[in-house]
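I have opened a new notebook page for this protein. I want to look up a few things and write down what I find.

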Amino acid sequence: MHTLILLAALSNQLSFTTQQQGNIYTIEPVATLTADCQCAMKLAATRAGAGGSSTSHQRSTVFIRANEPSKLTTLSLNIDPGDTVSITVTLSDGKDLHLEKQWVMPGKI
């Protein structure tokens with residue numbers, strides 16, 4: 001039984017697709033789950049640079065169909081050289097499923 005739970009957990013995925021046009025980055029968190037899910041999604045985006053810092057939070061409820069990549073939201077950020085940016089997405093069904101993934105501006109730690 002524990003093996004089945006472990007396999008299901010390993011099959012559920014959060015990932016990010018990104019596009020860049022100049023200093024504008026479009027970041028989309030994508031979930032692929034093994035079962036249909038009415039999930040709570042939380043997103044926290046933090047940006048710090050010469051112009052100051054900002055933090056943004058989003059919360060929503062999303063329905064995700066099994067085995068179909070689902071775009072959770074779309075963020076467009078103006079990221080200047082030297083800025084530090086991180087985006088954390090958490091997805092949960094309130095029971096067995098809890099996924100969290102962080103995207104950090106490429107080249108930044």
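**Entry 1: surface and confidence**

What does the accessible surface of the protein come to, and what share of it belongs to carbon and sulfur atoms? I looked it up: about 7000 Å², with 51% belonging to carbon and sulfur atoms. Accessible areas come from the Shrake-Rupley method with a 1.4 Å probe, and for residues only the protein chains shown count as cover.

I noted the ground rules next. This is a predicted model, in which local features need pLDDT of at least 70 and side-chain atom pairs count only at pLDDT 80 or more, while totals for chains, interfaces and linings use all residues. Residues are numbered from 1 along each chain as its sequence is written, and side-chain values use heavy atoms, with hydrogens and water left out.

I checked the pLDDT (the predictor's confidence in each residue, from 0 to 100). The mean for the protein is 88. A value of 70 or more is reached by 87% of the residues. Residues 1-9 stay under 50. For that stretch, the model has 1 contact (heavy atoms within 4.5 Å) beyond four places in sequence.

**Entry 2: the elements**

I listed helices (H or I, at least four residues) and strands (E, at least two), which are DSSP runs numbered from the N terminus. The protein has 1 helix and 8 strands. From the N terminus, the order is α-β-β-β-β-β-β-β-β.

Residues 24 or more positions apart account for 60% of them.

Two strands pair if DSSP finds at least two bridges between them.

I then went through the pairs. S3 and S7 (residues 84-92) are antiparallel over 9 bridges. Leu 43 has Val 89 in S7 as its bridge partner. S7 and S8 are joined by 7 bridges. There, Ser 86 has Val 104 in S8 as its bridge partner. The hairpin of S7 and S8 has 5 residues between the strands. In it, Gly 94 takes a positive phi near 80°.

**Entry 3: Ala 45**

Is Ala 45 buried or exposed? Ala 45 is buried, because its relative accessible area is 7%, and buried means under 20%, exposed over 50%, partly exposed in between (1.4 Å probe, protein chains only). Of the 109 residues of the protein, 32% count as buried.

Ala 45 sits in strand S3 (residues 37-49). Leaving out residues up to four places away in sequence, Ala 45 touches Ser 54, Thr 55, Ser 56, Ser 86 and Ile 87.

**Entry 4: the core**

I looked for nonpolar cores (sets of buried Ala, Val, Leu, Ile, Met, Phe, Trp, Tyr and Cys residues joined through side-chain atoms within 4.5 Å). The largest has 25 residues. Among those with the most contacts inside it are Leu 33, Val 89 and Trp 103. S3 gives the largest share of this core, 5 residues.

I picked Val 89 to follow further. Its contacts outside four places in sequence include Leu 14, Phe 16, Met 41, Leu 72 and Leu 99.

**Entry 5: strand S6**

Which side chains of S6 are buried? Leu 75 and Leu 77 are, and they point to one face.

S6 pairs with S2 in the antiparallel sense over 4 bridges. Ile 27 stands opposite Leu 75. The C-alpha atoms of Leu 77 and Thr 26 are 6.5 Å apart, although 51 residues separate them along the chain.

**Entry 6: Asn 67**

My last stop was the loop between S4 and S5 (70-71), where Asn 67 lies. Asn 67 is exposed, with a relative accessible area of 58%. Its phi is positive, about 60°, although it is not a glycine. Most residues other than glycine have a negative phi.
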